[in-house]
Amino acid sequence: MSSVPTTLLTLAVAVLIAAVMPQNAGALGEASRFDVRGLEYGGGNPHPRESAPRRLAWEIRKRTSVDSALEPTTTRLDDAALFDVPFLYWTGDAAFDAFSDAESTGLARFVAFGGFVLIDDASASGSSDFDASVRRELSRALPDHPLASTPNDHVLFRSFYLLDRPEGRVRGPDHVESITVGERLAVLYSRHDLGGALARDNLGNWEHSVVPDGETQRERAIRFAVNIVMYALCLDYKDDQVHAPFIMRRRGG
Amino acid sequence: MLESEAADAASTPLDAPGAWGLAVPGGSATAMVLALLITALVVLDLRTLRALPSRRRAILAGLRVLSAVMVLLVAVQPTVRTDHLEEDEGRLAVLFDVSRSMSVRSGTSHRIDAVNELARRWAGSSVEHPPASYVFGSSLRASGLGEPLRASDDDTLLAAALDSVIDADPEIGAVVVVSDGADRGGAAIEAATSLGIRVHTVAVGADETLRDDGIAEASIDRVAFLRRPARVRVVVRRLGAAGGPIPVSLFDGERLVAEQIVEVPRDGTAEASFEVNLDRLGRALYSVSIPTPVGDAVPENDRRALLTRVVRDHLRVLHVAGQPSWDQRWLRGFLERDPTMDLISFFILRSTTDMVMADASELALIPFPTDELFNEHLGSFDVVFFQNFEYAPYAMEVYLPRIRDYVQRGGSFAMIGGPLSFSAAGYAETELQGVLPVEVLPRTTPASVATTSDRFRPEVASGMERHPLVMLGADPATSAAMWAGLSPLQGLNVVGRTRSDGSTLLVHPSHRAGSGEPLPVLSFSEPGRGRSLALMTDTTWRWGITTGGETGDASFYDRFYDRVLRWLARDEALEPVRVTTDREHYGPGARIEARGRLADARHAPLRGYDATLSIIDEQGHAVSGEVVVRPNEAGDFASALEAPTNDGGYRVRLHAVPTTAAPVGSDEILAEEPFVVESGGDELADPRARPDRLAELSEATSGMSIAAPEDAPALSVFDATRVRTLGSSTEHPLASAWSLVLLVALLGGEWILRRRWGIR
């Protein structure tokens, strides 16, 4: 974790540089921006952490060079606009209706054509109804691609920040699950209520307490979310050989 | 019982020797099992005869053995197959070897001289049935008996010649081969025996004592890799002289590259090897040589030419992106999928204004190694992509002139759009502008003017329909339909105009550039020896997932970038002007089939040009007349040329000169393809005569083997009798009632005697 003086110094330098740098890095069009696009579906609760996507978009823009859309959109799996944004944030905390055939086909094609799906179980319980629904729909849409445990030495844990394990509002399992298509993770399933750590109201207050480590854990959860977005955009870039000596040195290897 | 098979009723057998064979229908294994079983029974039965007097015991044992043999024969029913043959008087053909090995000199004359003398002798003598006369080497041709023969063929393929003789005249019964026996094709015995012809041989050069230093083998990797050493292997042979050192020299054109001295034993060989570094794609020509000693029998084999094709083993690509985005993600995914590519990526994950809220030790970020990439290793990349990348924050202005020079020296550069690219990055004010195909707007241009954000489907620019970067279907019409079916792009970097040395392939359907031309979306140019591409959008990823969602086919993105990469990497198949030859090595005066394409930079058939093909030597001097090239409507052509008569490396040159009908400012066009002419080549690599091979051939086919041309008898002496199979018959000699009667009689006689002599 960074110390307070270091953070303040970083902030001061950044503000100074921002003042003298040209500010013409706006996107050519909305399609160029990274959109934390939420998934709408029937039944259940598709928006258990209403403000989380917006907060994630903001954190990405603040912390990285990614140009994110600060007002994330939503879509359905049977909507043709599904393929306009290759990122999908699928969250909930309760059982939901079975997908229609069109929705199931949409999910399969979205993944096959290169889309990335982040699933976030906001119930953060050992065996939730949301979890059962998710597994049901994944096995139906992607029968040849089962969920599997993702090791914590995966590039996902060093795509921007150096992390040791997945984080969220709760400490949760020590791993995430994922579906791999070809060489890339196409579906990532977190059961740590990632959105719960990100959700923040309009007054700037965090909406949920983070347990057990409080704010330090929240920071780690935000970093994990940033890493997920970086992985979706850069794939295994940080596995390139040129990065290896730097990362090993910082990890103390 | 006789079953006649395929007998020729019209033929008149002169003699029917009747080759025959014995067969067992159930197979020899079955017969063996039966025999063992019956033998065991006989042996067991013999034990019952011990009490009898020896005479009676012998009679009963004999009967039992005869019965057992009869049982076995009746059980297995052996068959007798008889082939019915006929012999008749076939025609005689004479085959004279005119390969270049027949030009080898022994004493004061050449091998071919002795052949000519023999041919004249035979032509002067009268025979009842004149033979068919042919010459052979790399092919078989009819030739009048006694006509002067010249040793000119660059190969010796006797088996193919025998096949061709029988194809030409099935009545041939025997062939007289007059040759040095240095057959390079092999399998002559197999060919002759399968054809059923008798081969008489007359050996030429059998008694020679050659004094020759020569290159027995010379090879270079047939396919070599760019910027990697290729291995050259040379085997030197010495014949008829004491062993000693021989210098072996390697040349690149006329330039001596390396030399080695090898110690060659008498009548033996020694090997030299070299490594050469290849730094240009396409065919590369080298040669190796040794000195020609006094009295050398075959000076032609003292120099060999080596031709290799230089290809890339790995395409080295540098991919620099100014920020993570879907466009950068899709391009990396595409580049990464090709296992033959060395991909070096650098993405700017944080800018100087970003607040990462962490110490550097908590980040996986590394410094951008600008000096290493753009100073030390730039020249090692085949293609450099700048994707939505601004140079200024990384103090890269000092490297931009290097990138310009890299392109002009032959590198390939692509700039892809985005909010950080083109005018936003200020490239108009840099040296890089000089190698871009479009005029970038000044950096001070307001963002509202320098970019658009509307959705649009780009259209193929007029006249560019055949360019390989946009003709992704089989023809322009199919390609246009493909472009029209794509998901729209969104947003564009606006440029001033297409530069005079650039061309635009894709345009915005409605917007105009400041120059009034349709707003360029995709443009290219070829500054100096390099290639440059400008793609003014950052949403081509929509040709993948978004088009896939709409049409079910997400492959267009990969298809487009595959073409981009191949064009930037100078894939020969995408070049508008090219010429190739049907072979790489030719003998002197051989026919060269040249094919190629003559199109303009837009890949449209070239109009208003006079185009010719000619042959030039390694110094660039023309060594042949010019052949006019007449391309078809697609720009493709095919023409024949005659190889030079002198050994060496040459090039077929395609030369197109603009006429008054060509557009103003049109330049001459040149394309070349190297090839080699060798009078020595593999044919003379081993100049020794091989009379032993000829003797084996004649022995295997019941022909005469004559040791020297002067010993050859008159043509009438050669036996041209041929043996033909009329058919075959199969008999089952034991498939009759008499066999059973005999068997019953044997068994019955034994039974009666056993009863009478008190044995049961």
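Q: What joins strand S12 of chain B to strand S18 of chain B, and do they run parallel or antiparallel?
A: In this predicted model, strand S12 (residues 223-225) of chain B is joined to strand S18 (residues 303-311) of chain B by three bridges, and the two run parallel.

Q: Which residue is the bridge partner of Ala224(B) in S18(B)?
A: The partner of Ala224(B) in S18(B) is Val310(B).

Q: And how many bridges join strand S17 of chain B to S18(B)?
A: Strand S17 (residues 282-289) of chain B is joined to S18(B) by eight bridges, and these strands run antiparallel. Within S18(B), Leu306(B) is the bridge partner of Tyr286(B).

Q: Moving along, how do S28(B) and strand S29 of chain B pair?
A: S28(B) and strand S29 (residues 518-525) of chain B pair in the antiparallel sense, over six bridges. Thr504(B) has Ser523(B) in S29(B) as its bridge partner.

Q: What lies between the strands in that hairpin?
A: Five residues lie between S28(B) and S29(B), and in this hairpin Gly516(B) takes a positive phi near 95°.

Q: Which way does strand S25 of chain B run against strand S28 of chain B, parallel or antiparallel?
A: Strand S25 (residues 459-460) of chain B and strand S28 (residues 502-512) of chain B run antiparallel, joined by two bridges. Val460(B) stands opposite Leu506(B) in S28(B).

Q: How many bridges join strand S33 of chain B to S36(B)?
A: Seven bridges join strand S33 (residues 591-598) of chain B to S36(B), and the two run antiparallel. Ala594(B) stands opposite Ser639(B) in S36(B).

Q: Now a helix: which residues of helix H4 of chain B are buried?
A: In helix H4 (residues 158-168) of chain B, the buried residues are Leu158(B), Ala161(B), Leu162(B) and Val165(B).

Q: Why are they on the same side of H4(B)?
A: They are on the same side of H4(B) because they cover an arc of only 100° around the axis.

Q: What covers the buried residues of H4(B)?
A: The cover includes strand S4 (91-97), strand S7 (132-136), strand S8 (140-142), strand S9 (172-179) and helix H5 (188-195) of chain B.

Q: How many residues of chain B are in contact with chain A?
A: Chain B has 49 residues in contact with 49 residues of chain A. The elements that give two or more residues to that side of chain B are helix H6 (326-337), strand S20 (341-347), strand S24 (451-456), strand S26 (489-493) and helix H11 (545-551) of chain B. The residues of that side divide into 20 nonpolar, 20 polar and nine charged.

Q: How many helices and strands are there in chain A?
A: Chain A has seven helices and seven strands. Of its 253 residues, 48% count as buried. Of the contacts in chain A with a separation of 6 or more, 77% come from residues 24 or more positions apart.

Q: What is the mean pLDDT of chain A, and where does pLDDT stay under 50?
A: The mean pLDDT of chain A is 89, and 89% of its residues reach 70 or more. Over residues 1-24 of chain A, pLDDT stays under 50, and the model has 21 contacts beyond four places in sequence for them.

Note on methods:
Residues numbered from 1 in each chain as written. Chains lettered and ligands numbered in written order. Predicted model: local features only at pLDDT ≥ 70, side-chain atom pairs only at ≥ 80, totals over all residues. Contact = placed C-beta atoms within 7 Å. Helix = DSSP H or I, 4+ residues; strand = E, 2+ residues; numbered from the N terminus. Nonpolar A, V, L, I, M, F, W, Y, C, P; charged D, E, K, R; others polar. Buried ≥ 20, exposed ≤ 12 C-beta atoms within 10 Å, placed from the backbone. Arc of directions from axis to C-beta. pLDDT = per-residue confidence, 0-100. Pairing = 2+ DSSP bridges.
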